[in-house]
Amino acid sequence: MTKLTINQYAAKKIRQGISVLEPRDFPDQSSIEGFADLYFKQRWLSTAYFSRQNKGIGWAVQSTDFLALLTSAKAKRQPYYQDETTTAFRVFNQDGDGFGGMTIDIYGDYALFSWYNAFIYTLKADILAAFEQVFPEVLGVYEKVRFDSKLPISSHIAGQLAADKFLILENGVAYQVFLNDGLMTGIFLDQHEVRGALLDGLAAGKKVLNLFSYTAAFSVAAALGGAESTVSVDLAKRSRDLSQAHFQANHLSLETNHCHVMDVFDYVKYAARKHLTFDLIVIDPPSFARNKKMNFSVAKDYHHLIAEVLPLLNRYGKIIASTNHARLSRAAFLAELSKGFGRQDFEIIEEFRLPTDFATNPADPQSDYLKVFVLEVS
Ligand code: SAH
C-alpha cells in the first residue's frame with residue numbers, strides 16, 4: 001500500500017476523528033487514486049483512500065475488511081430487524097460505519113447501494129461478495145452511481161429483479177418505492193422519525209399543508225395519524241400519481257388528501273388569496289432549487305418561506321421546518337428560521353436529527369446533516 005506522509009492540518013483532523021479528506025489539507029496529493037497508509041512524523045495514523053467526490057477527495061477508513069465492516073453495521077441495526085412494522089432502513093452509512101463513500105439501504109427483500117466516488121466503485125465485486133455473506137436473506141441488489149461517470153446512474157447488479165414499484169413498511173405504513181428509476185426511490189428513509197411523530201399524534205385532528213411534498217410521504221403519515229385533511233404541493237408532474245398511489249396503498253381517501261402540482265411559492269400566494277388556513281405546515285425543500293423565476297437556496301432563502309407561510313397558519317399552529325443541507329449548521333438554520341418569524345413569537349417544541357440507522361461520525365457535524373424543528377407560533 002502507498003505510504004504517505006501528511007501535513008499537520010490533515011493529521012490534526014484525522015486525530016480528531018474526521019474521516020473526509022479535504023483538498024486544502026493535501027496540497028501535493030491531487031494525483032493519488034486508491035488506498036494509502038497515512039503517516040505523520042513517522043507514526044502511522046490511519047488507512048485512507050483517495051478519490052475525488054462531491055464531498056472531499058477521499059476518506060480515512062476504519063478498516064478495509066468489508067466482511068467485518070458489514071457484520072458490525074448489521075449488528076447495529078438489530079432493532080430495525082426486530083421491528084416487523086418497518087422493512088426499509090439504512091444498513092451502512094459511510095464514515096458512520098467506518099468506510100466513507102458508500103451507503104446501503106434495505107427496501108424489503110432488496111438492497112440498494114449508492115457509490116459516491118470512482119475508487120470505491122472499483123471495489124464493488126469484493127464488497128458485493130462480502131455483502132452476500134453477511135446479508136444472505138437479500139434477494140436482489142441495485143445500485144446508484146453518485147459520482148461523475150459515463151455509467152448508468154441506476155442499475156440492477158445482482159440477484160433477483162424487484163417489481164418496478166413495490167411496497168415497503170415503516171411503522172406499519174405502506175410506502176411505494178422503486179429502485180431503478182433515477183436517483184430517488186419514492187421515500188427519503190432519513191425522515192423515519194418525523195413520519196413516526198406525524199403518525200403518533202403530531203398531526204391528529206389537524207389541517208396539514210405539506211410543501212415540497214415529493215411522493216407525499218409526510219401527508220400519508222399525517223393522514224394515518226388522524227389529520228383532518230392534507231394538502232401536498234410539489235412542482236414535479238409525477239408527484240401527483242406517486243402521491244395518490246401512497247394514499248391508496250393505505251386506503252386513505254383522495255377527497256380529504258389533495259395534491260397540487262405547483263410551485264410552492266405560487267401555491268402559498270393562492271392560499272393566502274383564498275384565505276385558506278392550516279394547523280400544521282411541513283416545509284422540506286431541496287437545498288438548492290431553480291425555476292423560471294428564481295433561484296432558491298436553503299441557506300439564504302429559508303426565511304422567505306417561513307415569512308410567506310405564517311399568514312396561512314392558524315393560532316397555535318405549528319411548522320415543521322426541515323433541511324438536509326450538510327453545510328448549513330444547526331445554529332445557522334435556526335438563525336434563518338428566526339429571521340423568517342421576525343416579530344412573531346415562536347417556540348421550538350421538538351427537534352429531530354438523523355435516525356439511528358443513519359449512523360453518523362460523532363466527530364464530524366457535517367455527517368449529522370438532517371435538521372428538523374417543530375415550531376409553534378404563540
Ligand atoms: N418532503 C419530501 C422530499 C422533498 S424532495 C419527502 O418527505 O419525501 C424536494 C422536492 O421539492 C422535489 O420533489 C422537487 O420536485 C420539489 N421542488 C423543488 N422546487 C420546488 C418548488 N419551487 N415548488 C414545489 N416543489 C418544488
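**Close-up 1. Helix 9 and helix 10 run roughly parallel to each other.** In this predicted model, helix 9 covers residues 264–273 and helix 10 covers residues 298–309. Their axes sit 10 Å apart, and the packing angle is about 20°. That angle falls under the 35 degrees used as the limit for "roughly parallel", so the pair gets that label. As for handedness, helix 9 goes past helix 10 in a left-handed crossing. On the helix 9 side, the residues making the contact are V264, F265 and V268, and they meet L305, E308 and V309 from helix 10. Sort these by class and you get five nonpolar residues, no polar ones and one charged. Keep V264 in mind, as this residue turns up again beside the ligand.

**Close-up 2. The ligand has 14 residues around it.** Among them, the closest are F212, D234, L235, V264 and D284. Three of these come with a distance to a ligand nitrogen. For F212, a backbone N or O atom is 2.9 Å from a nitrogen atom of the ligand. V264 also uses a backbone N or O atom, again 2.9 Å from a ligand nitrogen atom.

**Close-up 3. Helix 6 packs against helix 7 with their axes 6 Å apart.** Here we're looking at residues 192–202 (helix 6) and residues 217–224 (helix 7), which pack at an angle of about 30°. That makes helix 6 roughly parallel to helix 7. The crossing of helix 6 past helix 7 is right-handed. Helix 6 brings V194, R195, L198 and L199 to the contact, while helix 7 supplies A217, F218, A221, A222 and L224. The tally for this contact is eight nonpolar residues, one charged and no polar.

**Close-up 4. Helix 2 and helix 5 cross at roughly 45°.** Helix 2 spans residues 66–76, helix 5 spans residues 124–134, and their axes come within 9 Å. The two helices are therefore oblique to each other. Their crossing is right-handed. From helix 2, the residues in the contact are F66, L67, L70, T71 and K74. Facing them from helix 5 are I127, A130, F131, Q133 and V134. By class, that works out as seven nonpolar residues, two polar and one charged.

Terms used
Residues numbered from 1 in each chain as written. Predicted model: local features only at pLDDT ≥ 70, side-chain atom pairs only at ≥ 80, totals over all residues. Heavy atoms only, no water. Axes fitted to C-alpha atoms, helices over the stretch in contact; angles between N-to-C directions. Helix = DSSP H or I, 4+ residues; strand = E, 2+ residues; numbered from the N terminus. Parallel < 35°, antiparallel > 145°, perpendicular 65-115°, else oblique. Left-handed = near helix turned anticlockwise from the far one by under 90°. Contact = heavy atoms within 4.5 Å. Nonpolar A, V, L, I, M, F, W, Y, C, P; charged D, E, K, R; others polar. Near = heavy atom within 4 Å. Polar contact = N/O pair within 3.5 Å; in protein donor to acceptor, adjacent residues only side chain to side chain.
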